[in-house]
Protein chains: 4
Amino acid sequence: MIKAGIIGSTGYAGGELARLLLQRDDIEILWYGSKSYVDQKYASIYQNMFQIVDDSCHDDNVEALAEIADVIFTATPQGFCASLMNEKILSKTKVIDLSADYRIKDVAVYEEWYKMEHKTPQFIKEAVYGLPEINREKIKNARLIANPGCYPTCSTLSIYPLVKEGLIDPGTIIIDAKSGTSGAGRGAKGDNLYCEVNENIKAYGVGVHRHTPEIEEQLSYGAGRSVTISFTPHLVPMNRGILITAYGTLTKSVSYEEVKAAYDKYYAKEYFVRVLEKDVVPQTKWVEGSNFVDVNFKIDPRTNRVIMMGAMDNLVKGAAGQAVQNMNIMFGLPENKGLRLIPMFP
Amino acid sequence: MIKAGIIGSTGYAGGELARLLLQRDDIEILWYGSKSYVDQKYASIYQNMFQIVDDSCHDDNVEALAEIADVIFTATPQGFCASLMNEKILSKTKVIDLSADYRIKDVAVYEEWYKMEHKTPQFIKEAVYGLPEINREKIKNARLIANPGCYPTCSTLSIYPLVKEGLIDPGTIIIDAKSGTSGAGRGAKGDNLYCEVNENIKAYGVGVHRHTPEIEEQLSYGAGRSVTISFTPHLVPMNRGILITAYGTLTKSVSYEEVKAAYDKYYAKEYFVRVLEKDVVPQTKWVEGSNFVDVNFKIDPRTNRVIMMGAMDNLVKGAAGQAVQNMNIMFGLPENKGLRLIPMFP
Amino acid sequence: MIKAGIIGSTGYAGGELARLLLQRDDIEILWYGSKSYVDQKYASIYQNMFQIVDDSCHDDNVEALAEIADVIFTATPQGFCASLMNEKILSKTKVIDLSADYRIKDVAVYEEWYKMEHKTPQFIKEAVYGLPEINREKIKNARLIANPGCYPTCSTLSIYPLVKEGLIDPGTIIIDAKSGTSGAGRGAKGDNLYCEVNENIKAYGVGVHRHTPEIEEQLSYGAGRSVTISFTPHLVPMNRGILITAYGTLTKSVSYEEVKAAYDKYYAKEYFVRVLEKDVVPQTKWVEGSNFVDVNFKIDPRTNRVIMMGAMDNLVKGAAGQAVQNMNIMFGLPENKGLRLIPMFP
Amino acid sequence: MIKAGIIGSTGYAGGELARLLLQRDDIEILWYGSKSYVDQKYASIYQNMFQIVDDSCHDDNVEALAEIADVIFTATPQGFCASLMNEKILSKTKVIDLSADYRIKDVAVYEEWYKMEHKTPQFIKEAVYGLPEINREKIKNARLIANPGCYPTCSTLSIYPLVKEGLIDPGTIIIDAKSGTSGAGRGAKGDNLYCEVNENIKAYGVGVHRHTPEIEEQLSYGAGRSVTISFTPHLVPMNRGILITAYGTLTKSVSYEEVKAAYDKYYAKEYFVRVLEKDVVPQTKWVEGSNFVDVNFKIDPRTNRVIMMGAMDNLVKGAAGQAVQNMNIMFGLPENKGLRLIPMFP
């Protein structure tokens, strides 16, 4: 029985972690951490858990939790995990951080985009970027996982093979992303009220979204050189789902089969990445509630570009599901254990 | 390994059956029946099943299927199942019919409300109304299950204890029901287009909805006498979920605790019926994707009425999930096997 | 040119008032009042007004406004208008109060349901309940209008004729109401976040909603005796619209034509109340953005009840549109001036 | 009084035309044309028109209509208008065609993208592309207007100034577009069912959407040379609204003020194009129900690109509103007559 604790369990990603872990019989959640709801019944915050979870919320004391937990998930705001990380914690437990604190290797880049000082940069090097389809081997022995962001997960997986194989010019990559509103969190902000989001679509964070350098770093590893991208996220009136539509200029004339082969080279054996059949477009609804990323592409000979598309549930593969996938790898379990979730439709 | 076949597998209830059964390792689906998509890949109809189901659709030949299946689910239009049922089929396999064909014991009532002749009334008496919380014992040995309708499931479970205990006057029951749009099926009708349903709410079938006699029959069993109700369903702009708000006049002055005790008497040991805490209202979102029915009530001393509320996922407890629950009972399995689904939120 | 001021102009009802008044050339809005946004550009709060309104927000100083305005609309929280009303204001300007402060004639009832002391009960008697279809004559010479609540407008108009004509037993009236989310206001509350409302329906304020006594009072006038009702509102995932479904027991056997005649007696000449054709159900989408109330009914001979239905835009006929209708009457203008809005579909 | 006829009045664009024209007192609609609903009450198709329109639908006989109408709007499927156009019609009435039949000057391009033969190419040259902000002078004396497509209107207006002023390299333009579902029409197609669209986003027509050559042609006029673009539309779960996000590489280093000046040069005097203030993003909800296009841009010095954004109501400025704007110009009326509609929020 793996003993797990969730710090930040009352946000949407924390709630999703609870949902995924509670459906397993090899995990025990012994700590529902919360900043705002200490001593309140968890099931009063997440009524779906009524008669399933009887626990009340604990505080966010990671050190105390580290004494008793085999793994700690931190689904907390940027800077929180970095502010309290120390060797003692890491010597006692494994940490999977769902925030951005350890995702970016260059601390100066982190501090510039996140507008905050990094309190524990000494752990950045050790932290493993938890995108299993690319970093599986490193994850196995990691103590500290930087669980990827939602947009970076979907973007990187959709684009990586073509960058790695040199089929597109990395300097031409444009990512136009669309996300459901759960990505904005459960905080009571006026901009996220039902009537402000419903029947509406808008871009946000244009040119300055914090996921930009994270995507650039991952694509740079694939390209073997520094990559700069355009990244524009949009808020879509739906609860869950991310769709990315990416554009890149082809480095040479290629056939459908050649591009398909590039995707298959990396994903044919991946359970969670589904390369769709020709001309079938990824749709967020078809992956909702699951850990799948559906990807596909279209070559546009008129413009010599390829359009790359990816769809994913932002709370599952984009957050909690990927965290569980990382946990499975770290504990030597089958990677898809507890994650063979069939998307819910409609 | 239980061998199962789904007739009508390409409708929403059929798709949900596939989703639930595929997540189990003790069931094999050997027949995806379809009227419209024979020989097409099932995963091309339900793209969520891509790389999960490789089968193509078969026709709707129940007789052939009965030769090889341990259980057949018919998620088909009214009249279909009744039109082909025979002793040979029932002697070879178990049938769980998700249509209304065998739900109503009085064939004249069926024919009046459904505006069609019943082709095999000889099986009506044998068929067991598959509401496990009330008919569990009869289900165990049934060959033919009449799987309850979505509105009747939610309505009956919300009201039954108070009728049975004589706390409300059965002649005063009014049920105002609200359903997500998946209840209307996957057929291409203009009324169900996105732009016609979105940002809209309306009543439909006022005074003539077919689920009315089904609810009346079940409540009559509880009351021990014939019950006539008002039932008004509404179409709500959401995919899944049924909420019923029911009104009944109290037969005597009662306390919160007395009414609560009536619910607890019937549901305290029921896994799938959750009687919420005082003043917590049932919400469809909190049960989405699960087999739970959340119920609660409010006594209104000003009017001497009690307001009874119930929320449920129409495709799970209202259709496919309840069918699987019935299957579990029929095969001697734990009743919640494969159904310990935690509702997805948000 | 009528000079108008809006106190509470940055809420949804206030914004709708601005929208309706700005489309006229006989009205000048000289005051956009706000508690939270003083000195901010109104168009930065309501971006739809960009390049249409150049004004910044003023404070909520009604006395100062009364010096210069012909009419003041107060679209403010309960208690605000009552807290500052005085003879000086009413001697200088007309006031149309969109809050509940002067709607209920019995101050004890107000204080019980609204849980606050009424600061200026001396004006309650003078205030005219601004439901033009019933109180048109009194509105003409009023100084102070209590603009009806959204649910009471839709409920009263849907039920009034049958109560007045004695066709239903007033003691049996049950109103099951459904509202879009704009009725909950623009305040940043967690319960009104997109992800909490979307794909969800729930009842709220069961048995205790403040609009209950307001509806009861109006129906009591029609019935000629005190009426007690059950009223249950629900929150629906849409921006605008109220649908009410009401149930009443018939006092005698009646035909469709007799009931229709009762509605026609009161509404045949009313521009804003549309009695739909037989078997056509009211739908909120078909009145969106307009000042119409669509009503219809269905006789259910099985239960001896009549189901009364009404649909309306809660921000127009349920708030701002009705306020403008009242203003038109008070200023001797055609009642539908500026309100001949055709519902927007889809 | 201008006498107008609408061919294809029962589609969404036709319904919107009716809504806009009926709110004016200088227009008489004398013909509600329909292919499917001849002799049915128009208000039974569009229930919002109940008690506003008493007419029944006529057939689609344009020749008969031309005898009595001053202007005919054809809101019909591709190929219909071209199939029946002739000199006689144009000599008797003005025609504003909302289909694509006369939008593209090169008939070969039309036939390639629309996969149909053009029946009356002799009128293509005469037809004026009805984008008033660019072609106002030509529209004044036109007999035949090719009313622009929804995506082309929003795309062209958002990008045109920068192309025309040479600030972006036309060969680098990528347009990622998002549309509400009303753009898909009122036909009963399975893909447009509520449950298939809701909680979902997808790209469609990737690389092959018919609006591509239309946008290219208009931008080519601005650039003074042939322009090829990438254009990817997406279906968004909302009724109305188009948002385009476009990317172009800057030809030189420019300041915010320089780019702003380019937009202002073309739009400062345009009533319907609103160049938003710095860092305010266009949102579809803020223009809903109006004829406005909100545009803005963001310079991204990291990539040397500019991100251009535009939001619009696809049924108003993208179809019916623009058609009315063209009519106003053709009849010498104030261009914004009947179109000073304030967007509805929320």
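Select chain A and colour its charged side chains: there are 38 positive and 42 negative ones, and the centres of the two sets lie 3 Å apart. Here Lys and Arg count as positive and Asp and Glu as negative, while His and the chain ends are not counted. The place of each charge is taken as NZ of Lys, CZ of Arg, CG of Asp or CD of Glu.

A word on what you are looking at: this is a predicted model, in which local features need pLDDT of at least 70 and side-chain atom pairs count only at pLDDT 80 or more, while totals for chains, interfaces and linings use all residues. Residues are numbered from 1 along each chain as its sequence is written, chains are lettered from A and ligands numbered from 1 in the order in which they are written, and side-chain values use heavy atoms, with hydrogens and water left out.

**Stop 1: chain A as a whole**

Switch to a cartoon view of chain A and you can look for 12 helices and 13 strands. These are DSSP runs numbered from the N terminus: helices are H or I with at least four residues, strands are E with at least two. The radius of gyration of chain A is 20 Å, close to the 20 Å that the globule rule gives for 346 residues, so chain A is as compact as a globular protein of that length. That radius is taken over C-alpha atoms, and the rule is 2.2 Å times the number of residues to the power 0.38.

Now show the C-alpha trace of chain A, which spans about 60 × 45 × 40 Å along its principal axes. Of the 346 residues of chain A, 67% count as buried. Buried means under 20% relative accessible area, exposed means over 50%, and partly exposed is in between, using a 1.4 Å probe and protein chains only.

**Stop 2: where chain D meets its neighbours**

Select chains D and A together. The contact takes 47 residues from chain D and 47 residues from chain A. Between them, about 4000 Å² is buried, with carbon and sulfur atoms giving 56%. Buried area is the accessible area (1.4 Å probe) that two parts lose on being put together, summed over both. On the chain D side, highlight Glu199(D), Ile201(D) and Arg302(D), which supply 18% of the area that chain D buries against chain A, more than any other three residues.

Stay with Glu199(D) for a moment. You will find it in the loop between helix H9 (194-197) and strand S8 (202-203) of chain D. Glu199(D) is buried, with a relative accessible area of 2%, and has a positive phi of about 60 degrees although it is not a glycine. Most residues other than glycine have a negative phi, and most peptide bonds are trans.

Chain B and chain D bury about 1600 Å² between them, 56% of it on carbon and sulfur atoms. In chain B, Leu193(B), Tyr194(B) and Cys195(B) lose the most area to chain D, together 43% of what that side buries.

**Stop 3: loops worth a click**

Is Asp39(B) buried or exposed? It is exposed, at 64% relative accessible area. Asp39(B) is in the loop between strand S2 (27-32) and helix H2 (42-45) of chain B, with a positive phi near 75 degrees.

Thr76(D) sits in the loop between strand S3 (71-74) and helix H4 (80-84) of chain D, and it is buried at 9%. Leaving aside residues up to four places away in sequence, Thr76(D) touches Ile7(D), Gly8(D), Cys81(D) and Ser99(D).

Ala127(C), in the loop between helix H6 (107-114) and strand S5 (128-129) of chain C, is buried too, with a relative accessible area of 3%. Not counting residues up to four places away in sequence, Ala127(C) touches Tyr102(C), Lys105(C) and Leu144(C).

**Last stop: a chain end**

Finish at Pro346(A), in the segment after helix H12 (316-330) of chain A. The peptide bond from Phe345(A) to Pro346(A) is cis, with omega near -5 degrees.

Terms used:
Contact means heavy atoms within 4.5 Å.
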